[in-house]
Amino acid sequence: GTPGKYVVFPIHTRRNGGLGSRNEGEALPKASQQGYAAARLALKSDYMGIEITGPSIDQSSSNPKAFAKSLEEEMDRAKDDYKKDLNRQIYGNGSGAIATVRAAGTGVNIVPVDDARGFWLGAHVVDIVTAPSTVAVPGRTVTAIDLTPGANTITLSGAVFNVAVGQIITLQGSVNREITGLGSIVSNAGVLYNINPNTEPVWKAEVDSNGGSARAVTEGLMVRMTDRIRANGGKTTVILTDDGTYRAYWSLLSQLRSFVNTQDFSGGFKGLAFQAGDQEIPIVSDYDAPRGTMYFLNEKDLTFYRDKDLHWLDRDGSVLKQKVDANGRYDIWEAHMLERHELGAHRRNTHGKITDLISG
């Protein structure tokens with residue numbers, strides 16, 4: 001990525017039209033060139049903090065190795081949690097939505113959502129937001145999660161509140177601050193990186209939806225999607241989907257083949273193979289992927305930009321800093337890690353998705 005606040009890179013929007021056949025002596029086709037537009041991305045800043053008490057630090061004088069090991073474990077686990085949340089963001093649309101409210105409620109603490117899998121029990125502090133950015137219910141802790149089929153609810157701490165259909169639930173303070181994920185990139189509508197598909201018609205991904213009605217996974221649907229992407233000059237290199245849709249595809253294969261097994265692919269992927277012409281494409285299961293959707297991606301046209309790798313804030317020479325708030329100072333010491341980054345797509349129409357699939 002480019003150091004600084006923004007990344008600018010060219011987007012291929014049009015082919016060279018300087019083509020034509022001629023007879024001897026006729027004027028040659030008018031010279032032309034490829035069409036480009038400039039994409040401008042603001043790097044998003046993702047932080048994660050840890051804290052440790054003074055007494056636990058003092059214990060290091062009697063057992064420094066135990067303290068060092070405890071601090072190292074806290075930092076390593078924080079990095080793992082950070083990466084897990086970033087994986088969720090990869091599938092988002094930049095709004096920060098972990099889930100959407102699917103049923104209205106008055107005087108409630110239990111919220112029905114479209115998908116409760118993205119929440120962490122007792123760890124997530126969330127806001128309920130009315131789009132595009134009005135925080136309706138701020139700073140509640142997730143105290144219970146119900147993933148029972150037909151339920152999909154979360155319970156939030158504190159006094160009762162009202163919710164409306166379509167509100168989104170984000171990490172506290174994160175609305176419209178997360179990376180531009182596949183929810184925005186793999187779409188056939190909407191401005192992306194300041195480029196409008198109504199102005200540049202090729203700036204659309206291929207989308208196969210079914211009006212909200214769930215349908216079975218079929219090889220025919222999948223072949224058609226790879227064909228549509230290939231017609232745009234792209235090549236699908238990986239298919240990402242949720243674990244339920246992955247199982248549905250495995251079930252389909254087990255009906256069509258006598259033997260089905262996962263395999264290792266170049267690029268580090270491990271999963272089932274999908275045969276498209278002479279190409280075997282890995283299908284990879286990801287728990288954070290939205291239910292009932294298959295993403296057909298061309299990895300060469302995706303770039304994850306960052307100014308520097310994940311690092312601890314230590315501008316003043318110290319990673320650990322004393323906690324201070326409106327009530328004063330505390331014998332508590334904090335550390336924050338940071339990465340500034342953004343996901344960029346250079347050719348939107350070389351990606352696609354099939355939605356409204358039955359997730360087994």
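## A sheet of strands

In strand S8, Thr134 is the bridge partner of Thr130. Strands here are DSSP runs of E with at least two residues, numbered from the N terminus. Strand S7 (residues 125-130) and strand S8 (residues 134-146) pair in the antiparallel sense over 5 bridges; two strands pair if DSSP finds at least two bridges between them.

An open sheet is formed by 6 strands in the order S4-S11-S7-S8-S9-S6, with antiparallel pairing. Strand S4 (97-100) and strand S6 (110-112) are the edge strands, each pairing on one side only.

## About the model

This is a predicted model, where local features need pLDDT of at least 70 and side-chain atom pairs count only at pLDDT 80 or more, while totals for chains, interfaces and linings use all residues. Residues are numbered from 1 along each chain as its sequence is written, and side-chain values use heavy atoms, leaving out hydrogens and water.

## Salt bridges

The whole structure holds 18 salt bridges, each a side-chain nitrogen of Lys or Arg within 4 Å of a carboxyl oxygen of Asp or Glu. One of them joins Lys44 and Glu342 (3.3 Å, N to O). Lys44 sits in strand S3 (residues 44-53) and Glu342 in strand S21 (residues 328-345), 298 residues apart.

Are Lys44 and Glu342 buried or exposed? Lys44 counts as buried because its relative accessibility is 17%, and Glu342 is buried at 2%. Buried means under 20% relative accessible area, exposed over 50%, and partly exposed in between (1.4 Å probe, protein chains only).

Technical notes. Helix = DSSP H or I, 4+ residues; strand = E, 2+ residues; numbered from the N terminus.
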